[in-house]
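Welcome! Take a moment to look over the sequence and the 3D structure, and then we can walk through some of its features together.

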Amino acid sequence: MKMITKRGIFLWLLSILFVAGMVILIVSFVNNGSDWAMKRYNKHMYSNGELIGAGTIYDRNDVPLAQTVDGKRVYAKDAITRKSTLHIVGDKKNFISSSVQATYDSRLTGYNLMFGVYSLKRYGKGNDLKTTIDSEICNTAYRALDGRKGTVGVVNYKTGELICCVSSPSYDVKDPPYNLETSERYEGVYINRLFDAHYVPGSTFKIVTAICAIENMPDVFTRSWPCRGGYTPPQGVTIKCNSNHGKSVTFEEALTESCNSVFAQIAIELGSEKLSATAKELGIGTPVVISGEIECFKGTFNIDGIADDKLGWTGIGQGDTRIAPITMLRIVSAIANGGSAVSFNIVENLADQAGKALNITLPTNKVSMIDPNTASTIGNMMRKNVINGYGESRYEGLSLCAKSGTAQIDSNPDHDIAWFTGYMQDDAHPYAFVVVVENGGFGSRTAGPIARKVLNAVKEKY
């Protein structure tokens with residue numbers, strides 16, 4: 001009798017362990033099934049380490065950017081499109097982690113919890129994904145960069161749809177160069193410079209300092225500051241300016257002339273606490289998230305307890321501040337949109353091979369980042385930058401509001417990073433932009449013409 005009881009207890013324990021193991025297995029399968037399916041040894045998905053079993057990726061105009069044909073992954077028809085859309089579409093081995101092919105790999109294959117990769121076996125390819133980007137606009141941007149390292153981004157600031165996301169250097173996935181991973185020419189080729197590059201913002205950061213001043217210095221528009229080619233705080237080294245702007249420089253003149261002296265003085269007067277609060281409100285230090293899934297470089301900004309001269313340098317966009325271009329694009333988008341930033345999106349829809357729309361969560365958040373009056377004020381100042389500074393004739397018909405930047409990274413001006421960012425003050429063409437060119441020299445001279453070419457193409461098409 002005792003033997004039967006012991007056996008009964010043993011069987012009960014064995015049953016409990018079996019049920020517990022099944023529960024663990026099921027939970028693991030639910031949570032990790034898609035990751036398991038996407039392992040490179042899965043021959044339904046990969047061949048020689050290259051993704052093959054995925055549906056078609058389209059641009060917003062239904063141009064195929066990547067598709068599976070006869071068991072092979074085939075990319076866009078022309079080489080320029082393959083290069084200009086590489087960092088959004090992705091490479092064959094998913095080394096570009098922020099691409100849609102890498103981010104949505106399991107959904108592109110058609111994997112689901114119930115049927116696994118049944119649709120892939122049935123149709124020979126998975127689900128189709130349509131992006132928001134325009135390959136023709138991307139081609140224009142890629143040509144305008146002309147082989148230089150950098151990035152171009154354009155977004156509809158009302159809807160959050162990214163229509164241009166170009167990063168250079170790039171390469172042709174159909175014919176990769178033999179020295180792709182060793183040549184300096186292709187340094188950082190797997191990095192999407194729009195989303196993940198770590199750049200000194202240069203004078204584009206004066207937008208942030210100006211917003212802080214408008215909100216914290218009630219008399220900022222009635223005051224003036226001296227500029228004699230630089231400013232030396234009571235303690236610290238001289239902060240050099242790009243010119244000698246005179247004894248009495250107003251706030252608006254300082255932004256138009258991009259006066260380092262005035263903005264250094266304003267930053268020091270504001271103090272690190274207020275400047276830090278504004279930077280935080282504008283999203284510096286918080287990653288921009290694309291389509292709810294692609295997390296970009298969050299940026300670095302820490303000025304607590306720094307000396308006055310370093311605070312002054314920070315206020316003009318130098319110092320230790322580092323941001324991704326997508327962050328600056330979001331800031332100018334918020335200014336253009338009355339102070340509110342909408343969620344950025346790169347995906348339009350997902351559908352199976354039968355054409356049935358599949359559920360995909362795309363955030364539609366609208367976050368208030370700037371007081372509407374402040375947004376209007378800084379927007380008008382950026383408009384005057386173009387009219388009185390850069391020259392309206394150079395951007396005729398674009399109703400441009402913009403700010404340039406020339407970020408110094410060492411003592412060699414040939415290494416300066418050229419920035420140009422802003423938006424079109426036009427309800428019919430609600431587009432914001434950012435252009436960055438490495439080793440580009442003066443911002444408005446190098447990055448400005450690139451922005452003009454791309455925005456003219458956008459306006460002509462949309």
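In which sense, left-handed or right-handed, does helix 9 pass helix 14? The crossing is left-handed. Keep in mind as you read that this is a predicted model.

**Helix 9 and its two partners**

Two packed helices are described by the angle between their axes and the distance between the axes. Let us start with helix 14, which covers residues 325-336. Its axis and that of helix 9 come within 11 Å and cross at roughly 45°. That angle makes helix 9 oblique to helix 14. To find the contact on screen, look for Ile207, Val208 and Ile211 in helix 9, which meet Ile331, Val332 and Ile335 in helix 14. Sorted by class, this contact has six nonpolar residues, with no polar and no charged ones.

Now turn to the other partner, helix 12. Helix 9 spans residues 206-216 and helix 12 spans residues 272-281; the two pack at an angle of about 115°, with axes 9 Å apart. This makes helix 9 roughly perpendicular to helix 12. Here helix 9 makes a right-handed crossing. On the helix 9 side, the contact is made by Val208, Thr209, Ile211, Cys212, Glu215 and Asn216. Helix 12 contributes Lys274, Leu275, Thr278, Ala279 and Glu281. The contact of helix 9 with helix 12 has five nonpolar, three polar and three charged residues.

The table sets the two pairs side by side.

| Helix pair | Angle | Axis distance |
|---|---|---|
| Helix 9 and helix 12 | about 115° | 9 Å apart |
| Helix 9 and helix 14 | roughly 45° | within 11 Å |

**Empty spaces**

Rolling a probe the size of a water molecule over the atoms shows where empty space is left. What is the volume of the largest pocket? The value is about 620 Å³. Of the 28 residues that line this pocket, the closest to its centre are Ser203, Asn242, Ser258, Thr406 and Phe442. Helix 10 (251-257), helix 15 (372-391), strand 18 (400-407) and helix 16 (443-461) each supply at least two lining residues. Strand 18 gives the largest share, with four residues. By class, the pocket lining has five nonpolar, 16 polar and seven charged residues.

How many cavities of 30 Å³ or more turn up in a search of the whole structure? The search finds one. The largest cavity has a volume of about 30 Å³. Around it you can pick out Leu65, Tyr75, Ala76, Arg82, Thr85, Leu86, Val89, Gly90 and Val173. These lining residues divide into six nonpolar, two polar and one charged.

**Two backbone details**

Finally, two spots in the backbone are worth a look. Serine 168 and proline 169 are joined by a cis peptide bond, with omega of about 15°. You will find proline 169 in the loop between strand 8 (162-168) and helix 8 (193-196).

Although aspartate 146 is not a glycine, its phi is positive, at about 55°.

Definitions and conventions
Residues are numbered from 1 along each chain as its sequence is written. This is a predicted model: local features need pLDDT of at least 70, side-chain atom pairs count only at pLDDT 80 or more; totals for chains, interfaces and linings use all residues. Side-chain values use heavy atoms; hydrogens and water are left out. Axes are lines fitted to C-alpha atoms, for helices over the stretch in contact, and angles run from 0 to 180 degrees between N-to-C directions. Angles under 35 degrees count as roughly parallel, over 145 as roughly antiparallel, 65 to 115 as roughly perpendicular and the rest as oblique. A crossing is left-handed if the near helix is turned anticlockwise from the far one by less than a right angle, and right-handed if clockwise. Contact means heavy atoms within 4.5 Å. Ala, Val, Leu, Ile, Met, Phe, Trp, Tyr, Cys and Pro count as nonpolar, Asp, Glu, Lys and Arg as charged, and the others, Gly among them, as polar. On a 1 Å grid over the protein atoms alone, a cavity is a set of points where a 1.4 Å probe fits but cannot get out, and a pocket is an open set with protein on both sides within 12 Å along at least five of seven lines; lining residues have an atom within 4 Å of a point. Grid points are joined across faces, edges and corners, and a volume is the space filled by probe spheres set on the points.
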